[in-house]
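Dear colleague,

Please find the structure below, handed over for your study.

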Amino acid sequence: MIVDETIRQVLSEHARLVVDVSTLDDRADLFAAGMTSHSSVNVMLALEDAFDIEFSEEMLKKATFESIGAIRRAVQEMQARG
Amino acid sequence: MSSARYEVDSAATLASRLLDGVEERRSQAGFGPTQLRVGMDVIAVREVARSLERFGGRYVERLFTVHEMATCRCAADTVGNVRGYSTERLAARFAAKEAAIKVLRPIGARPAWPSIEVHRTAGGWCELRLSRSAATLARQAGIDQLAVSLTHEAEVAGAVVVGVCNQGRMDADAGQTGAGRVE
């Protein structure tokens, strides 16, 4: 799935995880895996570049970036809005 | 007892009596107790430098206010300069925002980073100014005073934020502690 692959690529480059992103399942807690608040900013900006989207203020909560599944849902929600 | 020890004891006793008096008067007026909240955060300066190199202006504009951007501008030959910004100063301000969020204790959505501003006064000291979502959180928590202290060196930046949380009238504001206490 291209969306998942892109998300994993972004996480691999910007999340500063202490584990290999390929070992994480959809529900794994990314903050527990080493992502900090600051690295989540980089993840957000890189996702915006990768998917040509812009996260709105109401989406800037910890829950949006807490797992690969949560990020996928947020990306798909924004893509559906157009 | 030495005179120095006596002075320390006297000051502590006086402070304690003053605080007791304040709390007693607040209690008599129907207000809840005063509480302090403390938040702190540290960040590696190189993380900010990397973000600035990778995302440029978008990174700065999503996190910082116009005032913060202006106060973090530096000359091209300044150590730690990336794209015209002092990465040490930006890192300290990011740490202050994170420390403030720990004081505000949001449930669910976090306040937008620019809604927490580190304002540099004419005297060179810094203070926090809240707007929009951050100001709303402060009002809801009854936080009516905030203080911030920043520090940075070449590798690491950090900040401590203290908030004074005055709970609102216990009779009329049950369930909305402190609402309306912040102007």
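**Cysteines, fold and interface**

B:Cys74 counts as buried because its relative accessibility is 17%, and the cut-off for that class is under 20%. Please bear in mind that this is a predicted model.

I begin with the cysteines. A disulfide is a covalent bond between the sulfur atoms of two cysteines. Over all chains, the structure holds 0 disulfides. B:Cys74 is accordingly in no disulfide, and the nearest cysteine sulfur belongs to B:Cys72, 8.8 Å away. Is B:Cys126 buried or partly exposed? With a relative accessibility of 23%, B:Cys126 counts as partly exposed.

Next comes chain B as a whole. Its secondary structure consists of 6 helices and 7 strands. Along the sequence these elements follow the pattern α-β-α-α-α-β-β-α-β-β-α-β-β. Chain B has 183 residues, of which 43% count as buried. Among the contacts in chain B with a separation of 6 or more, 60% are between residues 24 or more positions apart.

The remaining findings concern the interface. Here, 19 residues of chain B are in contact with 17 residues of chain A. The area buried between the two chains is about 1700 Å², and carbon and sulfur atoms give 53% of that area.

How many salt bridges does the rule find across the interface of chain B and chain A? There are 5 salt bridges. One salt bridge joins the side chains of A:Glu48 and B:Arg62, with a distance of 2.8 Å from N to O.

Which elements give two or more residues to the side of chain B that touches chain A? They are helix H2 (45–55), helix H3 (57–63) and helix H5 (87–104) of chain B. H2(B) gives the most, with 6 residues. By class, this side of chain B has 9 nonpolar, 2 polar and 8 charged residues.

With kind regards

Note on methods: Residues numbered from 1 in each chain as written. Chains lettered and ligands numbered in written order. Predicted model: local features only at pLDDT ≥ 70, side-chain atom pairs only at ≥ 80, totals over all residues. Heavy atoms only, no water. Contact = heavy atoms within 4.5 Å. Buried area = accessible area lost by both parts, 1.4 Å probe. Salt bridge = Lys/Arg side-chain N within 4 Å of Asp/Glu carboxyl O. Helix = DSSP H or I, 4+ residues; strand = E, 2+ residues; numbered from the N terminus. Nonpolar A, V, L, I, M, F, W, Y, C, P; charged D, E, K, R; others polar. Disulfide = S-S within 2.5 Å. Buried < 20%, exposed > 50% of the residue type's maximum accessible area, 1.4 Å probe, protein only.
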